[in-house]
Structure formats: structure tokens, C-alpha cells
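Keep the structure open as you read.

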Amino acid sequence: MQGEQEAAGEALSELRRRLEDGQARARLTRTQLASKSQISRTTVYEALRSDGPVPSPETVAALASVLKLPVKELLELRRRAAAPVRPTAENAAGPGRPLSTCDPHDLEVHPAGAVACGGERNTRERLVLPGYVRRQHDGVLADAVREAAAGHSGMLVLVGTSSTGKTRACWEAVQPLAALGWQLWHPFDPTRAEAALEDLHRVGPRTVVWLNEAQHYLGDPTYGERIAAAVHHLLSTREHAPVLILGTLWPEYADRYTALPAPDRPDPHSRVRELLSARRVPVPDVFGKEALATAKELAEAGDVLMADALSRAGDHGRIAQDLAGAPELLRRYEDGSPPARAVLEAAMDARRLGVGPHLPQAFLTDAALDYLSESDYQQLSDDWAEAVYAKLTQPVHGRQAPLIRIRHRPRWQPPLTPACDPVPMPQPWQIFRLADYLDQHGHALRRAQCPPASFWHSAHTHLTNSDDLSRLSDAARHKHRLQWAHLLLLRAADAGNTRALRQLALMRENTGDRDGAEALAGQIADAGNTLFELALIREDAGNRQGAEALAAKAVDAGNADAVYRLAELRQRARPPMGVEALMRRAASTGHTAAMLWLAERHGQTGERRSAEALLRQAADAGSTDALRQLAKYREDDGDRKGAEALLRQAADTGDPGALYQLAEWRDIVGDRAAAEALALQAERAGKSDALRWLVEYRETSGDQDGAEALALRAAKAGSTQALHRLALLRYNADDRESSDSLMRQAAEAGNADALHQLALMRMFAGDQASAEALMRRAANAGKIESLYQLAEWRQGARDWEDAEALLRQAAGTAALYRLARRRDMAGDQQGAEALALRVYDRGNTLFRLAVWRLRAGNGEDAEALLRQAVSAGSTGALYRLVGHYRRAGNWDRANALLREAADTGNAAAIHQLAVIQEHAGQQDDAEALALRAAEAGRPRSPYELILIRHAVGDKEGIKAMLRRAADSGDSVFAWLELERWMTRVWPYGLDPDGSPTGPWR
């Protein structure tokens, strides 16, 4: 199987190489090649792209004919590249099933409707999918699938709001893999996180790992980080390759997992953040013009489901949501009876505040009561709850329901097993899940609301999951409902939640109950870390003695670094106090970093004997840094033999620094064989420049034959960098013939730097066609700079289209910006603007174009560009244009522009409007705008509004802003200043209705 894949890949690479060389010899751009072969430029680009699909026979024949290449040979290469891979049993032992047997609805693709099937007497409905409309993210997915088919593992996570087509896009993308015998694994039993963690290590090659709604995997409070680590291992281990991991996330989850924590806060998603880096693909909420046009074509061709969706959603472009039944779900909520709305709002609040997807009926029923007005409450019938749940579980268009019943499959065990006592299982009608679209709608609709008292009381009474209780406690604290935060935290701690126990311990420490804090810390599995957190609190409070005592206890409880980290903290303080005493204490526990610190300090003060004693102690504990430092001492004393013995001791453990230094010494004394062997070991151990240094050393010392022999040996061992470096040395020494030969050898061995350099040499010699062919090969080998160089050459030839394509292939936003500026300077203003609109950061690019026009005195064009830049989100352009109108005395136009920008979600514009409304005396409007600005990305806006009111002594206005900020919770709590204000105004917190809470224990 692997051999077949490699053979196909080699055939495709050879096909592309011949086509590229032919294009270079013909001196044709891709645009010219497309025109002469009478095929589209996109088809030409895909055929020549290194990661593109196998071109069609017609494309290969057309290109070969124009480039005067042997058609039969190229078609044979194309046939070998496209040969289907026979399915094998190599991944049979791993989890999953053949992709060709999977059903999209089983993989959580939203059904859009059903059609009747069967005979007249046996009519039944079959779920169907509408025709598929490709959008920009589908191209990224297709690239990942092609890479996977070629044998390279990869991962992508589609990020978008609910019902925008993320899961369907993944399903459509993996279809080519079904013909190649791939499997698909969707971990979900007994829970998604447990299933993933248990079997990720068993995933075999050619498997799609389906992590739909990836928050259930990566966001799991218990297993999320371990799952991220297992996925990373799966992606980076050859024995599993190739695998393709696909996931979906809502934006709020992606933002939560990738946000950097504050310096003094824990980092719960460090591995997840690393895993998601550069692997997220945005999915837009709406269909663009091209996508809508394709959808209309499908509808006109007879796609009834698509036609129905366009009739409802064609104006606003939310086709995917409509197909998933979102509008009908929303109507069921908005037009529902007061009790039905109350239940749904309680469910929305529970989900947005952190409760898991499975919501107990008893919790929802009791929580809903205070959502009702007094009149509606008095009109409730005795069976109101049964009627509401019966209504809310009825499916709507798209086969969804506002509330979905959850059925737990029982786990059957032998009845005679002593440990198998009957465990009551929740009845299927007792647990519900809120529809995804209503879940997300609730996040937006009720973001600034605090649930009523019945919600908190019901959560405290009915919820039993410790993670749910802990997250609700956090939400209550963020909303300054401190009493409920404490009560829920106690319930979470009683349920065994380690995080809740830690928070309670920290709370007791902050309130002076040190014995209680230490007692709670002792109940936690990672007591050492919690005790160290308590030590930091004491350190901040100036209680140094107490901090040291707790750090020592933390070491005894398993945190070996606690005393050393406290010492490091004090070392950064001004002035540093007690650092050496703490380092000694850490060293006495066997901490090698502390021993090295003390050794360095003693060496600086001339206490050589004690420094060496500490280094020997650290070396005995396994520190190779200590061995190298001891070797330096021996060398300073002239004891080269003793120094080398110590370095060999370190080298035996694989220390790259020791191996490198030994290689230097062996080469100096003429022991070349040993020097080469040690340099090779050092390079394999991570010292990437070891061989290159040795080659350079021999070359500069006049031993050209020795340098070349070593470089060739390194190349055979898989390191072409030394060969490339030697070629450069010969080139700089004017030995062009030898340099050219060596550079060719490095290039033939696949070194991208050598290909790039050889291309430059060819261009300098006037051989443009050969230079471009080599530069394209370097680009295909992964050297991004080669794409930029090719783009520059294409710009010089004024082939803007090919230059732009090359820069897009390199994903070079900065280069595209430079290209736009060059077009503008060349007088091609229309082309410059069109290109600026296609740059990723187009708002700022348009802004810069406008500034150039202003400097050139073209104010009218500059103003038009500034308006486009504002629409694209450029804050700088907004302020420039508003200032322009204000200086001209046109305040109405300036304010209208701010409102237009605010309507697009521009946080700076929303904040400016808040300030204007505040000064105009419209405080309610100002508060609402400040909160909008915070949600849009300017979290200081509410705090700045408080400062304005504080300056004029408006105490009631400050309370009003604080109360609204408290209700909004997380959206503004990124700024601790607000929390401090709230604590000052309401030291005991607020009740759910917003009134101050009285003293409580």
C-alpha cells in the first residue's frame, strides 16, 4: 500500500517537473500557456501546483502539445499518478469503519428534509441532503485531503457559528478518500472524550478521525489537554501516517481555547491552543454572491430543498441555517407560550453559563418559574410542564426540535457480580438537549442578562455534575453574584471537583483562614501545586516566612520546583531578598537548577571549591550542564584530558553541546574520523549546525579536499545543508566551477536553498528560462522565498496576474500589499484597488492607498478609499475620516459615519458613540453602547465610561454602569478594574435581581 502511494506520488512529481521545465523553456507565463492551450488559467495553475490534484488526460495532452513535449510519455505518467490504491488490511486493527459505508446523518450532518420511498403500500421517508455549494473553505479542505491521499498526515478545524455547513463541508471533502480504501472513526461511546482518549493511540494509517463539535473533546475539563497531546502525537508519528483529523468548533469555543491566559492565571488549554495554531479554517455565516449563484443553479436544475431555502433565505444568504431548520426553531421559540419560552430561556442560560448539553427536566422545570411574569405564573395549570415538553420536543422543518430527548443506553453487566449493584438510570424523558441553533441564539440574545433566582436555586438543587457546578460558580462570580458563586462552589467541591476545592482553598487563604486553606489543599490530588499557589498569595501579601514554609510543604506534597520557583520570583523583585537561602533549600531537595545557580554564584565570587562541589552534586543527579561546566574548569586549569573525560561522560547521555565541543577538540588535534563521527552525532541530537561548522572549519583552514569529502558524507547521511554551505564558500572564493558542481549536487539531493541559489546564479548568467525553472522547483520544495523571488521577476516583466498568483500561493499578505502599492505608483489605480480588496488585511491596505492619494493631493479618491477601508474594519481609516469631517465642521456627517461603522461591528466607532451619548446625557444608550463595544473587542469601554462619571461625581451613574457590566459578566470581566469597583460598591455581591446582597457567611 505504502509503495503504491509512493509510486503514484513520484509519477505525479515527475509529470509536474516536465511540465514546469517545458514552460520555462517555452518562456510562457501561465496566462499565456492557458491561452495557447485553450484551457482556463485556473486549470493550468492546478495542473502545475505542487499540492494540486492529478490533472485530467485532456489537460495533460493540451499542455504537452503547446510545450512540444512527448504526449504519450506524459499521459503514461499521468495514468500512474492517478492509479487507484488497492484497499489493504493495514488499518484493520485500528478503530473506525470503511468510509464508503458511512452515512452523513450518522456523522451529525444536519438533515434538510426527506423524500418518500418504497411502494404504495409501504411508503416511508428517507433523509436526503440538498446539492452542495462549494465555498472558500472547501478549497482549504480539498488541499488537506490531497495531502492526506499523498501520504501526509494533517488536521483542520472548521470554525463557524451553528448550522453554517461545517460538518457537511467535512463530509463532502473526504469523499475522494473513500475510493482509496480509507476508514473513518467517530469516537462517541461511552462519551466522546473518553472514547477519543482510549483509542487515539490505536488509529491506523489512512483513517479520518471525525471530531465533530470538537469542544466535547478538546474542551473536556478532565481529558481535553490529554486528548490534544494524543492528537499531536498521532499527527507527528510516522507509524500512524497518513491520518486526517477533521473537527468543527463554534467561534466562542475557538476563542476560549486559543486565548492567552493572564500571567497570574492558570493555563487550562495550553496543549489545545498549540494544536489549533494554524489549523483553524473560518466558515462564513452567509453565502457570498458566487455561492448564491451556484445555489440558484442547483435550484433551477431541480433541487427542491435548495429552492425552498432560497425562497426563505435568499435575501440574507443564511442558506445553510435555513436548510438546518433554524428559522422554524426560532419561530417556535418566539411564538411559543410563556411557559415554553421560560423553559427555553432557562436552557439557553444554562448552556451559555457553562452547563453541559444534557439538561435534567427537573432542573429546567424549577428554573423556569421566575422567568414568568406574575400573571403568567398564576395561570399555570397543574400539568403545564408535561404540555410544554410535549410541544418543545416536536420536530420542525429540518428534523430538529427545540428540545431533544436524550436516551442513555444502559451498560449491561452480569447480575451476579458483587460489584454490580443496580444503578438507577435516568429515564429518557428526564434529560433534554437544546437545539444547536437555539443554543447559539441564546448566547447572543441573553448575553447581557442575569438569570433570576429560580435558576440559581434550581441549579444548586438539581445539578450534580461537578464540572457544571464549577462553571456556574465562575459565571456567578463574573456577574458579581458572590453568594451564589460560593454556594455552587461548595456543591462542586462536595461532588469532588478538584478545581472547586482549589478555589475554596485560595478563598480561605485570602480571607485569612490559613489553616482551613492548607487543610483543603491537602485533599486535592495535586496538593503540591495548590500549596504553592497559597505560597504565592502569602508572598504577595508580604508574608515571606509563611510563603517559604508553604513552598517547603509543596515540595513534600509533590511539587519539586516550588522552592526554586519562589526563589526565581524573589530574584525578579527589587530588591531581591532571601534568594540564595531559598536556592540552598531547593538544592537540598535535589533540585539541579538550584545547584547550578548556586555554583554560578560561587564561581562569580571566587569560591571555586564550593562551586565545583555543587557542580559534582548536580552532575551526579544527571545534569549534563554541570558536566560541561566542570569540563570548562578543567580546561581553564590546563587539564584537557580531564575536561575531555567529563565531556565524554555528558556525550554518552546524548548531550548535543558536549558532542559538538568534543568534535571541535578532536578536529583540532587531527583526529578527523572521530571529529566527523561526533559531529554527526551532535547533528542527530539536535545541534543542527555541527556538520556545517566542521565543513567551514576545514574549508577556511585550507583543507578543501577534506571539507568536500565531509560535505559529501553528510549529504549521503541525509544532511544537504553542509554541501550547500560548502558550495557558497567556493562561490565566495571565486571558484565558480567547483561551486557550480557542489550546488548542483546539493540541488539534486533536494536542498531547497541550493535550488534557490542555483536559480539566482543562472539569472545572473543571463539564463532566465533555466533560472525560473529552478526557482519553481525550489518553491515546490518548500522555500517560500523562492515564490517571492519569482513574483519579483514576474513583476519586472509586468506580468501582474502571475505575480499575484505566486504571492497568493505564498500567502504573503505583506507582499500583496507591496504589489498593490507598486501598481498604484505605476498609474494602475484600478488594479491597485482591486488587489487591495483581495488582501487579507484589506481594511488597512485600503487605508494606506488612501493616504498615498491624500499625499498626492487626490482628496476625492482618498475619501472614497477611506470609506471602503472603514467598511472593511480599519480603525485608523475611521479616525482619519471622522477627523476630516470634523475639521471641516461637518459634525452630522462625522457622527453618521460613526453610526455606519458601528453597524458593521467596529468597536472603536461604537465606543466613540457611547462617549457622545454620555456627554449628551443619554446614559442608558451610552451604557448599552459601551457594552457593545466591549463585546466587539474594546473591553475597556465600560470602565472608561465609569471614569467619565467618576470625574463628575455621578455615583448613581457609576452603580448603573457597574450593574449592567455585572449582568454581562464575561464580556467585560477581562478588566479587573471593574471587579475592584464592584467589590468596593457591593462588598457582599448582588442578588440575582440586581439588588445589593446583605452580609452572608
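Start with the elements around the second largest cavity. α10 (215-218) and α22 (436-445) each supply at least two residues of its lining. Helices here are DSSP runs (H or I, at least four residues), numbered from the N terminus. The model is predicted: local features need pLDDT of at least 70, side-chain atom pairs count only at pLDDT 80 or more, and totals for chains, interfaces and linings use all residues. Residues are numbered from 1 along each chain as its sequence is written, and side-chain values use heavy atoms, with hydrogens and water left out.

The whole structure holds two cavities of 30 Å³ or more. A cavity is a set of points, on a 1 Å grid over the protein atoms alone, where a 1.4 Å probe fits but cannot get out; lining residues have an atom within 4 Å of a point. By class, that is five charged, two polar and two nonpolar residues. Asp, Glu, Lys and Arg count as charged; Ala, Val, Leu, Ile, Met, Phe, Trp, Tyr, Cys and Pro as nonpolar; the others, Gly among them, as polar.

Now the helix pairs. Take α4 (residues 57-67) and α5 (residues 71-81). Their axes come within 9 Å and cross at roughly 150 degrees. Axes are lines fitted to C-alpha atoms over the stretch in contact, and angles run from 0 to 180 degrees between N-to-C directions. α4 and α5 are therefore roughly antiparallel, a term for angles over 145 degrees. Contact means heavy atoms within 4.5 Å. Pro-57, Val-60, Ala-61, Ala-64 and Ser-65 of α4 meet Val-71, Leu-74, Leu-75 and Arg-78 of α5. Seven of these contact residues are nonpolar, one is polar and one charged.

Next come α33 (residues 608-620) and α34 (residues 624-636). They pack at about 145 degrees, axes 8 Å apart. The contact has eight nonpolar, one polar and four charged residues.

Finish with α52 (residues 907-919) and α53 (residues 923-936). Their axes come within 8 Å and cross at roughly 165 degrees. This pair is therefore also roughly antiparallel. Its contact divides into nine nonpolar, three polar and three charged residues.

Terms used:
On a 1 Å grid over the protein atoms alone, a cavity is a set of points where a 1.4 Å probe fits but cannot get out, and a pocket is an open set with protein on both sides within 12 Å along at least five of seven lines; lining residues have an atom within 4 Å of a point. Grid points are joined across faces, edges and corners, and a volume is the space filled by probe spheres set on the points. Angles under 35 degrees count as roughly parallel, over 145 as roughly antiparallel, 65 to 115 as roughly perpendicular and the rest as oblique.
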